[in-house]
Amino acid sequence: MPQGTLQVVLVSAKGLENTDFLCNMDPYVLLTCRTQEQKSSVASGKGSEPEWNEDFVFNISEGVSELKLKIMDSDTGSQDDFVGEVTIPLEPVFEDGHLPPAAYNVVKDENYCGELKIGLSFTPEEHQSRDFQVEESFGGWKQSTYTD
């Protein structure tokens, strides 16, 4: 598995199930990559067609194989509603380095409930070569050029 930096561009969503009955929902996304979790801004009143256009960066280490995105509806005074989730396998972006924004199916209880548009970029970590030459060092002593 590669190591490096994963950049996620959260573009927009469409066709989401509106969980608020009286008004448009206020969706946001929780992005999880193994133990790292980040949260998008809340798209207040944007309903089932929100746009974010936000960038997120994750440090990728051994064993990371997928990115999970959970769409939630921010509710004041009560618990936030679960709208749906997307799981994106990271193998294709590790191989290609960049995946342009594409629509991924949002699923809730194994049912399709909209799309989330996501772009991905992966920058592998530069591996340091072990065959380097150590420069000779004299412990910081330098002959002074000062004269009286």
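**Cysteines, strands and contacts**

Let's start with Cys23. At a relative accessible area of 48%, Cys23 is partly exposed. Keep in mind that this is a predicted model. Now take Cys33. Cys33 is buried, and its relative accessible area is 1%.

On to the strands. Begin with strand 1, residues 4-14, and strand 8, residues 111-124. They pair over 10 bridges, in the antiparallel sense.

Strand 8 has another partner. Strand 7, residues 98-108, is joined to strand 8 by eight bridges, and the two run antiparallel. Look at Lys108, which stands opposite Asn111 in strand 8. Strands 7 and 8 make a hairpin, with two residues between them.

Next, strand 5. Strand 2 covers residues 27-33, and strand 5 covers residues 66-73. Six bridges hold this antiparallel pairing. Pro27 has Asp73 as its bridge partner in strand 5. Strand 5 also pairs with strand 6, again antiparallel, over eight bridges. In that pairing, Leu69 sits opposite Val86 of strand 6.

Now the charges. How many salt bridges does the structure hold? Two. One is formed by Lys14 and Glu115, with the closest N and O atoms 3.9 Å apart. That pair links distant parts of the chain: Lys14 is in strand 1, Glu115 is in strand 8, and 101 residues separate them. Recall that these strands are themselves paired, over 10 bridges. Lys14 has 46% relative accessibility, so it counts as partly exposed. Glu115 has 21%, so it is partly exposed as well. The cut-off for buried is under 20%.

Glu66 and Lys68 also meet in a salt bridge, at 3.8 Å from N to O. Glu66 has 32% relative accessibility and therefore counts as partly exposed. Lys68 comes in at 38%, so partly exposed is the label here too.

A word on rings. A search of the whole structure turns up one aromatic pair. In general, such a pair is described by the distance of the centres and the angle of the planes. There is also a charge over a ring. Which residue lies over the face of Tyr28? Lys39 does, at 4.4 Å from the ring centre.

Last stop, Ile88. Ile88 belongs to strand 6, residues 81-89. Is Ile88 buried or exposed? Buried, because its relative accessible area is 1% and the cut-off is under 20%. What is Ile88 in contact with, leaving aside neighbours within four places in sequence? The list is Ser65, Glu66, Leu67, Leu69, Tyr104, Ile118 and Leu120. Some of those names came up earlier. Glu66 is the salt-bridge partner of Lys68. Leu69 is the residue opposite Val86. Now pick Ile118. Between Ile88 and Ile118 there are 30 residues of separation in sequence, and 9.5 Å in space, C-alpha to C-alpha.

That's my tour. Over to you for discussion.

Note on methods: Residues numbered from 1 in each chain as written. Predicted model: local features only at pLDDT ≥ 70, side-chain atom pairs only at ≥ 80, totals over all residues. Heavy atoms only, no water. Pairing = 2+ DSSP bridges. Helix = DSSP H or I, 4+ residues; strand = E, 2+ residues; numbered from the N terminus. Salt bridge = Lys/Arg side-chain N within 4 Å of Asp/Glu carboxyl O. Buried < 20%, exposed > 50% of the residue type's maximum accessible area, 1.4 Å probe, protein only. Phe/Tyr/Trp six-rings, centres within 6.5 Å; stacked < 30°, edge-to-face > 60°. Lys NZ or Arg CZ within 6 Å of the ring centre and 35° of its normal. Contact = heavy atoms within 4.5 Å.
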